[in-house]
Amino acid sequence: MSIYIYASSGNVWPAESQAPELKDLVKSLWGKSYRRINHFIELTLVGARRCVDRTPNPIAAHCSLVFTTGQGNISQVANLTRQIYKDHQPPMPFAFMHITNNMAPFYVAQALGLSSSNLTIAHRSFPFETALNVATLQLQAPGSQCLVGAVDECAYPLEEHRQRLGLAPDTPLAEGSHWLLLGSDPQQAVAQLEFSYFCDARQALSAQLARHEWKSEEAVLSCGFGVTAQEQQWWQEQLNIHRGYEYRQQAAYHDTVTAYAVTSFIETHSKHTLIHIDKSKQQRYCAVGIKVL
Amino acid sequence: MFGSGENQKVYIRGAGILCTLGASQQQVALACQNGTIAPQRIPAPQVCDTPIKYYRIGEHIHPARTRRLFEFMNYAVEQAMTDANLSTEELARTAVFCGSTACDISDLEEHYAAALTQDPNAMALYRSGFGILAGYVRDKYRLGGEEYSFNTACSSSANAFVTAAQMVSSGDCDHALVLGVEVLNQMSLQGFAAMMLLSQDDIRPFDAGRNGTLLGEAVACVVLSGKPAQDSAFCRDQPFYFLGGANLCDTKSITSSNADVIAQVMQRALHSAGLKAGDIDAIKAHGTGTENNDAAEAHAMQQVFTQHLPPFTSLKPYLGHTLGACGVVEMSVLLATIQQGFIPKTPTFAALDPQLGIEPLRDHGEFRQGNIMLNYFGFGGNNTSLILSNR
């Protein structure tokens, strides 16, 4: 079954001294104020709205939603843990209610009037790629659609956040909210999901990718934060792809940054195929192929 | 909507469980047969003057005192893998699906509490990431398939189960370990207490005097496979298989479900299983014991089962509400008791609520073979219904 992409939106906020203020932006995008929602939900609402605004047709009520995150409401969870153990204060009801990760896509479904499946998933290394796999299951019926969201926030202070994520002290960080609308109908599609592969070894991934043929002038390679410059060079030679797409400096690290690579590529390219490769700390590989139509 | 459609049948090939009732399918079934209800009292001075009742896994069931989360997971996974008798070759084609609400918070809290005794400015959460539990199981047991973590509140492991079944059915993976994990942590306990959702006495699902729920900890694991294991204790005689399931988000309220949407998700599960309401022989209700959720679930069952409401029960009085784990935990308990020929009564039910007009099993119901519906509803309007059969 072919999977098509109708709209995309990639949004990054480079981490600064404090989290970006999004309340007014959420209000301007959705035309209403949300009380008591946290920053993670605000990020979610901003990205989702910008994607929905680019869809060729209104989102159908039966459109399912697959939401993914690496760290979820990390800021709120850290705050509540401190509150309970250090300050000996119980959590406030709304703060507690909102720390479950599926609250963010609940607000999206509510705002869009969806009456459909709503799944929140995570993966320690490849959350976005895993979400694409799960979304595929939602697209078995003709005419089905699936909104895929990939969101991550930072917890302040950033030194602690880097420590939690196992990153070097000077690693640039960002928050992100990246969204795609997928479906099984080729009409009005802007891109096509060609493949997603998970492999335990580089040679196994290389063998999988060797089954595909790309015109050299149309293929573009991008790599995730887990891939070194030297290894990227190896992939370029192995796949015979000479054009690269470099998004990492602009996006900075967050767990769902691959979703930014894909969404920003769709927004800035046409008639090209992106092959994105990443490697986890466990030395596993994942590749996603997106053909922009 | 999910459904096994024309793809291959998906069997429950093995199971492992660790909960307040015991540490094996046999112990759990026996405890249900005896009507065991054994919550303990846990101090939570920030939110309650008196200790809160909680279904804690006692040291007589499992001796772990530290890193209980990982000890419990190891125990349940190894039990399920032994039961399913997966070969090394099969493990190489096995994926892991984990559903949990609190994920590894219990472990992070344990670490933080210890760190604070050394340094008042210690960092809360020394690590983070919601995919950690599935990743841990994949690495430890050298599984060759993918890892998936579900975080949809109280329907987490039910959604993990339905997705896993669909992936095995469609051939995306050959076998799946599906885990439900929830281990005692102050975040959940105090959060529920702050929301005034906890009962001061017992969980009494569908009872006129119900006044809230109680939380519990449990870890359960089931192994899904395209073929039943002939030598598995769990599915020796009439192996259970997945017939269908559905998930539907109710966007009317964050915390309580609406009867119409619950009815819809049950209808969709029936449709995906290719069944009519009259084909269901028993229902495992979500049955939290809270005023609104039990009312919505009761009214939804009446909407779907217009001709005849099959016998139904809630297992939460035995286990507590194990939140994200309850999908696989309650399934494991139910299947363990069916192996012994019965569906457990709802032991705390005493008085019919005239507003609901229905009552769960007051006595254990004889049951050996049939189609069972299992319902799970979570915060964020996340509703899941699934259907298993051993017919």
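**Stop one: two helices from two chains**

Select helix H3 (residues 74-85) of chain A and helix H7 (residues 186-194) of chain B: their axes come within 11 Å and cross at roughly 85°. That makes H3(A) and H7(B) roughly perpendicular to each other (65 to 115 degrees counts as such). Axes here are lines fitted to C-alpha atoms over the stretch in contact, with angles from 0 to 180 degrees between N-to-C directions. Helices are DSSP runs (H or I) of at least four residues, strands (E) of at least two, numbered from the N terminus.

This is a predicted model, where local features need pLDDT of at least 70 and side-chain atom pairs count only at pLDDT 80 or more, while totals for chains, interfaces and linings use all residues. Residues are numbered from 1 along each chain as written, chains are lettered from A and ligands numbered from 1 in written order, and side-chain values use heavy atoms, without hydrogens and water.

Now pick residues 229-239 of chain A, helix H9. Which of its residues are buried? Glu231(A), Gln232(A), Trp235(A), Gln236(A) and Leu239(A) are (under 20% relative accessible area; exposed is over 50%, partly exposed in between, with a 1.4 Å probe and protein chains only). On the other side of H9(A), Gln230(A) and Glu237(A) are exposed.

**Stop three: a tryptophan check**

Finally, show Trp234(A) and Trp235(A): Trp234(A) is partly exposed at 21%, whereas Trp235(A) is buried at 0%.

How values were computed:
Parallel < 35°, antiparallel > 145°, perpendicular 65-115°, else oblique.
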